Structures are given as C-alpha cells and as structure tokens.
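Subject: Structure handover

Hello,

Please find the structure below. Notes on what was found in it follow.

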Amino acid sequence: QLEALRNENRELKLQTGGELSADQDEKVLQEFLVKLRAVLEMRSEGRFEQQLFDEYNGGLVQLSDEHLRELYSSFMLIYVEEYDEAVLERLGIGEPDETTVGFAEMMTIKLGELMDQPRQVRIQAFQAAQKKKEDQAKELLKKKEREKEEAAKMAAQVAINGRIANSMKKYWAALSNGEGDVSEVRRFRRKPELGLLVSSTEDIKKISPYNWRNMGCSGLTEQELRCLLVRLGEPGMPGQAD
C-alpha cells in the first residue's frame with residue numbers, strides 16, 4: 001500500500017510538473033528500460049505490438065532531462081558503433097544486432113526533438129496524441145458499426161425486392177399480353193418503365209438515350225419500383241439502367 005501511494009505521488013508530480021527526487025527519477029528510468037528491452041526483443045523477432053510501443057513511448061516522455069540526454073548519448077554510441085560494455089550494462093541489453101542499431105538511429109532523431117521540451121510538455125503532448133488516437137479509433141468503430149447496420153438493412157431490402165419481383169413475374173407477363181383488368185393493361189402499356197419488366201436484356205440494350213431520359217419513377221407504385229430495381233440490377237444491363 002505504501003508503494004502504491006509512492007507511485008501515485010510520483011504520477012501526480014509528473015502530471016503537474018513537480019520535481020521528482022533522484023531516487024524517483026532513477027525508478028522511472030529503470031521502469032522505462034524494462035520496456036526498452038521488451039521493444040528491442042519484439043523488433044528482433046519481427047513482431048509489432050502497438051500497446052507495448054505505446055507503453056514504451058509513454059515511459060520515454062517521463063524520463064528526466066538528464067536521463068533523456070544520457071539515453072540520447074547511449075543510442076548515438078550504439079548507432080556509430082562506439083559503445084562499450086558500460087553503455088550496454090546501463091541499458092541492460094546484449095550485443096546490438098542490426099535491428100537494434102537501426103532502432104538506435106531512429107531514437108537519436110526522436111530524442112533530439114524531445115530534449116528541447118520540458119518533461120511536463122512531453123507528457124502532455126504524448127497524452128494528447130494518445131487521446132486523439134483513441135477518439136479516432138472509437139469513431140472508426142462507430143463508422144464500421146453504422147456501415148454494418150446499413151449493409152444489413154440493404155441486404156434485407158434486396159431480399160424483399162427479390163421475393164416481390166419473383167411473385168409478380170406472371171402478373172407482368174399477363175398485363176403485357178393484354179390479360180387482366182382493362183385499366184391496368186392500359187396503364188401498363190402507357191408506361192414504358194413497366195415495359196422493362198418484360199423486355200429481354202438485348203431489347204433493353206437497344207433503348208435509345210432519348211427514351212431513357214424520358215423514363216422516370218413518378219406515378220409508379222412501391223411494388224413496381226421494387227421490381228424495376230431487381231430487373232435493372234441484373235447482369236448485362238446498360239449503363240443508363242443505373
């Protein structure tokens with residue numbers, strides 16, 4: 001419980017820009033070095049774990065200015081291959097491999113930028129970036145959920161349209177042959193849009209652009225519109241059918 005209180009006090013100081021004791025700064029460094037070794041192991045194995053990398057960067061910005069400069073010097077020595085055993089021992093790592101050297105190069109650039117910022121500013125900037133990333137991830141998830149819902153609704157509508165179209169095929173064929181209610185037969189023949197329901201794909205392709213422009217949805221029933229959506233959505237339809 002005492003250790004938890006100490007950690008809480010340390011975090012509060014870090015957030016508010018308070019000064020840490022030398023022992024607290026060293027503890028921050030040692031906790032960071034554990035994450036550093038984990039990241040180096042991850043990279044050497046060809047893996048990438050976002051959470052681990054975020055924890056590493058979160059620990060990096062908490063380092064004291066002195067430890068940040070020390071880390072910069074260590075990475076630079078590794079990058080130019082002028083390190084000694086004392087450098088490796090301080091970092092707690094073994095002989096650097098190619099991936100470690102590459103990482104050291106990247107970190108010298110990053111640390112060069114961080115060293116110009118006070119610790120509190122570094123922490124606040126990191127937290128702001130993390131919050132922005134979390135907000136973007138939440139928004140992306142919501143967007144995907146909305147798209148999934150819309151796709152489900154669309155699929156349901158397509159299924160309904162298909163069932164209606166199948167059930168109405170004989171009815172449209174009868175009207176085109178002059179069978180059925182006289183007023184309905186007359187209406188069917190008067191509306192060129194309805195003629196598409198009984199026309200072959202080849203005949204539909206022969207319709208002139210002028211006649212396509214003269215067609216519309218005005219005055220059509222819901223059933224008729226659903227059947228036209230199915231018919232004009234079939235393979236082989238001309239571009240005007242869209």
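**Helix packing and salt bridges**

The axes of helix 2 (residues 22–44) and helix 4 (residues 65–79) come within 11 Å of each other and cross at roughly 35°. Axes here are lines fitted to C-alpha atoms, for helices over the stretch in contact, with angles running from 0 to 180 degrees between N-to-C directions. Helices are DSSP runs (H or I, at least four residues), numbered from the N terminus.

This is a predicted model: local features need pLDDT of at least 70, side-chain atom pairs count only at pLDDT 80 or more, and totals for chains, interfaces and linings use all residues. Residues are numbered from 1 along each chain as its sequence is written, and side-chain values use heavy atoms, with hydrogens and water left out.

In contact terms (heavy atoms within 4.5 Å), Asp25, Glu26, Leu29, Phe32 and Leu36 of helix 2 meet His67, Leu71 and Phe75 of helix 4.

The whole structure holds 13 salt bridges, each a side-chain nitrogen of Lys or Arg within 4 Å of a carboxyl oxygen of Asp or Glu. One of them joins Arg119 and Asp25 at 3.0 Å, N to O. Arg119 lies in helix 7 (residues 119–176) and Asp25 in helix 2, 94 residues apart. Both Arg119 and Asp25 are buried (under 20% relative accessible area; exposed is over 50%, partly exposed in between; 1.4 Å probe, protein chains only).

Glu139 and Arg146 also form a salt bridge, at 3.5 Å, N to O. Glu139 is partly exposed at 41% relative accessible area, and Arg146 is partly exposed at 43%.

Regards

Methods: Helix = DSSP H or I, 4+ residues; strand = E, 2+ residues; numbered from the N terminus.
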